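Student: I would like to go through this structure by way of its charged pairs and its helix contacts. Can we take it one question at a time?

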Amino acid sequence: MRSGIHVPGLHFPPSIMTTTIQESRKGTTKVNTLRAIEIEIQAKWEREKTFEVDAPDFISGYQRLKGKRCLFPFGLHCTGMPIKASADKLKYEMETFGYPPVFPGRNESSANDKEESKKEFNPAEVGERKKKGKSKVLAKTGGAKFQWEIMRSLGLKDEEIKKFADPKHWLGYFPPLAKKDLKNMGLKVDWRRSFITTDANPYYNSFVRWQFIRLKEQGKVKFGKRYTVYSPKDGQPCMDHDRASGENVGGQEYTLIKMKVVSSENEKLRKLIDKPVFFIAATLRPETMYGQTNCWVRPDMEYIAYRVNNDEIYVSTHRAARNISYQGFTPEEGVIDVVEKLIGEDLIGAGLKAPLSSYEKVYAWPMFTILEGKGTGIVTSVPSDSTDDYAALCDIKRKKDLRAKFNLSDDKVLPFDPVPIMNVPEFGDLSAVAAYEKLKITSQNDKEKLAKAKEMTYLGGFYHGVMLVGDFKGQKVQDIKKKIQKLLVDTNGAVIYMETEKKVMSRSGDECVMALCDQWYLDYGDDSWKALARKCLERVNTYPENSRKGFERTITELHEYACSRSYGLGTLLPCDQQYLIESLSDSTIYMAFYTVCHLLQGGVFDGSGESPLNIKADQMTPEIWDYIFHDNAEVPQTDIPLDSLKKLKQEFQYWYGFDLRSSGKDLLPNHLTYLLFNHVAIWPDEPHRWPGNLRINGHLLLNSEKMSKQTGNFLTLFESVDRFSADGMRLALADAGDSVEDANFVEKMADGGILRLYTFLEWTKDMLELAKQNELRTGPMDTFNDKVFASEINSAIIQTDRNYEQMQFREALKTGFYELQSFRDKYREVAVEGMHKDMIFRFIEVQILLLAPICPHLCEHVWALIGKKGSIMSAAWPTAGPVDKILLRASDYLMNGAHDFRLRIKNQTALALKKGKQAAKATAKPTHGTLFVAQTYPAWQELILKFLKIEYEKNENTFPENKTVLAKFKGDPVVAKNMKKLMPFVQFLKLTGLEIKLVNDASDSKVRDTSVPGRPYSVFFEAVTVQFINPQVCKPYFSFYADIRDKESINDVISRISTETKESTDKIKLYYYNDAVGGSRRMPNLSRPLEGKILIADGATFYRESGELVLVMGSQKLVIGTDLVYTVDL
């Protein structure tokens, strides 16, 4: 088994970052003890070179215990803009403000900073945090505006900061610090295989050049014009890792409707009309242009009129004009030839020729809700199919004073009514009007109702709408949308226009645009390449499994991707060396470089050390890389000795393809998907080199809040180890969460982890002392408690094995530490005959083996304490013996019975005290007790069970509603005394999905032959675990998880929600996300909580198909994911 595991590299050293507010802790004895052990163990690992061949951590540490050889390398990705941009800022600040710089308005603080900068830097001082407020360092960092101030806040002196004006200094300064802190936390990496990217490392530079040479030869790297997110300030495309904000944001295509100005009473506009002047409006629905009645402008917004190609003049906001100037519409790229500055009020009342409209002439009307940050500031109006437009139309027709304020005569407004242009089932020929009236909307201020109306009509119009007018009359909208767009463009009624989906800021502080650029790009839109990537994805195990949908969607949506830029750090593009390869393109197959780099660059980050094989970087030609990385490549002509080449090839073939890549969820739609494409491109006929497993994780919260320097909620790696010890921190990280949801590092949990680990260590020492003094029981291990404890240990081994295998580290910690510790505690309490020596040391050995992947230092230390030879890193996973489940149930029965017995004694005593001192004295302490054991259910429960069974079968395997059960037993003399227990008992049966059947009804003969009185036979089935999310703000409802089984009805599920919320079923509504994969991960719109969600109608049924939850609603059959939304009507 080969395992190549990568953790994303760091850009900045964790040891010199700002810190958060520290809660006081009573004493440091425990953490100091653990830190002393960790330092000792890390020194041992360093001496013995434990990880220079095999290198474990959480998952790899587990795999190693399973007898597999594991390689865990760690690289530092330096490609891109951040380092270069920061270095250039320092250079600019020295040129502008002198050295050391004195910033405007910063004289006093600069003097203080200069004094601070004279002090020697001590990372430990950064970790000191005050009990109240931000630390001094943090306070300075939070307000820092200049790069020099940021560097000072890290504890660097002016003399040192000056060196960072050279980007190369960053590459030499930070990697060793990062390595030091990572080793300090016990990260078990083969550091010989670590490297930095960019041409600063000639070996890696050669490797990336080889990759792109081969991609270019295959026709996958192309050159041409394409739309891309672009930074005018930087003069180059701004890809995801070049952005300060807006990562994963792409382009949105609009149809830019050209509404020609034919009349105006405004002097500024009138003097332009001798030229073709157009109000331009961006729309996503070109098919609705037949219904235009007017356009909307915002009276107080600034607009400009500017010259474009063909001597035309466009009118829009300056922001839109800036975008347009980079899309080939203006004579000179990026230059806006402004002919007139306007405000919205100047545009109101202008007469316009709207393409495709049934009205010969329409007019510009006022609307105050238009946003400047999206579109062009001009909005075309189609009130027949937009409820927002219809509401605004009704308002302006009603408000005579509003028309008078903007000099709009009645003839420019009142004659214009909605025009039927498409038929939408359920809403007729005027869908917006029908929705407006159905929801009883009264004005534009009914925001929630308007949002609901849009949700009701928009999708219906697109998927089911049929055109009533125009060249495409009688055809479905979804079939002719693009055709109408082409018709508009061909007749000069529109142009294609692109905008970023959301605001994107480059790291240089520039707001980006969508530009039509000449550029080198990777053709990820190629169908044959996509097909091979899908084939690769089929072979990959994704964790969690639902992330597979994200990969599938990304592969489908991917098109061309710009792979070059002109600014930053990186490798020069071999086919055009005026460009650099961008950061998400030089890091797609770098895992292969891990397998051989230790033999090339000699364990030095930048490859400047002596090569162990005496190979120079310029000897690594493309043919050499071919030989190393391909099974059947011929031996190339080279002066490198053949034995050296064979050694490199052997290393690669032994370790590659990599078995696990673990990374953040933000990299799924780019880096991780590009990884699939590039692996199949480089190794198309060698699928054994393709990825094996991809694990997607969320980001890290601190104490349930986002980490932020500004708020002070920030924790560095250095400080974490210093405060909690390496193992204490690792324990809290493992407990923080495993899914794509953000994990939560809780400081109190980390403190609690220290206590648990220290207590375990001290208890182990106590057991060693007791064993030394022969105070532990010996002889046969055959008591009831011995057997129970043995089964519990074996069960923990099996369950923890399963959890590690599935990379569920939180669950592994639960079963392999927390629960196992509780089993030990129970054994200690109940073993009145004394704890058995062999059983205790069996427990200790199993405990440290199960915990070693997470807390290796302590486990290594205890391994030696109990007399084990060698390192626990070379040990084997413990072997599980048999698990006696009947014995475990008997133990649980006794423990529960004892617990109940104690409660009853306590309650009896408490009741006597409540009645008064005399009663308490008269009530003697019990000396005897009687336990009663039932052979059947109580009569009232038996009656309910029989009724539910009959109703369940009569209603096609559906439980009756609660009101039916209540009506049945209301007044029933058998149930009367237990009416308060009635519904909890019923809900218990419903929630556990319990079916009670007679053995004679079983179709399986095994059930009939096996089941006997007093020993029922259970048959199990699978369900889908679903998260039920409540989006209602400031309401007492929360998210919760529950199972939905195959063929369950909507009524069953709502009944379950009713139980959880304690609300009646008629108040509850259930919705599914329109985007089943990404819907629940989007930031919710608090003003429109149901946006993007679709109501599940009565009569709907859930099915489980191939492990997925499928909804059948009428004629629709939908895969709806594992997140549903519920609301409660108040």
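What follows is a set of questions and answers on a predicted model.

Student: How many salt bridges does the structure hold?

Tutor: Side chains of opposite charge can pair when their charged atoms come close. A pair is counted here when a side-chain nitrogen of Lys or Arg lies within 4 Å of a carboxyl oxygen of Asp or Glu. In this predicted model, the number of salt bridges is 52.

Student: Which residue forms a salt bridge with Lys222, and how many residues apart are the two?

Tutor: The partner of Lys222 is Asp523, with the closest N and O atoms 2.8 Å apart. Lys222 sits in strand 2 (residues 221-231) and Asp523 in strand 18 (residues 513-523), so the pair links distant parts of the chain. Lys222 and Asp523 are 301 residues apart.

Student: What is the N to O distance between Lys353 and Glu360, and is Glu360 buried or exposed?

Tutor: The side chains of Lys353 and Glu360 meet in a salt bridge at 3.7 Å, N to O. Lys353 is partly exposed, its relative accessible area being 35%. The cut-off for exposed is over 50%. Glu360 has 63% relative accessibility and therefore counts as exposed.

Student: Which helices hold Glu792 and Lys826?

Tutor: Glu792 and Lys826 form a salt bridge whose closest N and O atoms are 2.5 Å apart. The two residues are 34 residues apart and link distant parts of the chain. Both Glu792 and Lys826 are buried. Glu792 is in helix 28 (residues 784-805), and Lys826 is in helix 29 (residues 809-830).

Student: At what angle do helix 28 and helix 30 cross, and what are the classes of the residues in contact?

Tutor: The axes of helix 28 and helix 30 (residues 837-851) come within 11 Å and cross at roughly 10°. An angle under 35 degrees counts as roughly parallel, so helix 28 and helix 30 are roughly parallel to each other. Residues of helix 28 including Phe789, Ile793 and Ile797 meet residues of helix 30, among them Phe843, Val846 and Leu850. By class, the contact has 10 nonpolar, 2 polar and 2 charged residues.

Student: How do helix 20 and helix 24 lie to each other, roughly parallel or roughly perpendicular?

Tutor: Helix 20 (residues 547-557) and helix 24 (residues 668-682) pack with their axes 10 Å apart, at an angle of about 75°. Angles of 65 to 115 degrees count as roughly perpendicular. Helix 20 and helix 24 are therefore roughly perpendicular.

Student: How many charged residues are in the contact of helix 20 with helix 24?

Tutor: On the helix 20 side, the contact includes Phe551 and Ile555, and on the helix 24 side Leu672 and Phe677. By class, there are 7 nonpolar and 4 polar residues, and the charged residues number none.

Student: Where does Pro636 lie, and which residues does Pro636 touch?

Tutor: Pro636 is in the loop between helix 22 (622-629) and helix 23 (642-655). At 13% relative accessibility, Pro636 counts as buried. Its C-alpha atom is 9.6 Å from that of Trp625, 11 residues apart along the chain. Not counting residues up to four places away in sequence, Pro636 touches Glu623, Ile624, Tyr627 and Leu645.

Definitions and conventions
Residues are numbered from 1 along each chain as its sequence is written. This is a predicted model: local features need pLDDT of at least 70, side-chain atom pairs count only at pLDDT 80 or more; totals for chains, interfaces and linings use all residues. Side-chain values use heavy atoms; hydrogens and water are left out. Helices (H or I, at least four residues) and strands (E, at least two) are DSSP runs, numbered from the N terminus. Buried means under 20% relative accessible area, exposed over 50%, partly exposed in between (1.4 Å probe, protein chains only). Axes are lines fitted to C-alpha atoms, for helices over the stretch in contact, and angles run from 0 to 180 degrees between N-to-C directions. Angles under 35 degrees count as roughly parallel, over 145 as roughly antiparallel, 65 to 115 as roughly perpendicular and the rest as oblique. Contact means heavy atoms within 4.5 Å. Ala, Val, Leu, Ile, Met, Phe, Trp, Tyr, Cys and Pro count as nonpolar, Asp, Glu, Lys and Arg as charged, and the others, Gly among them, as polar.
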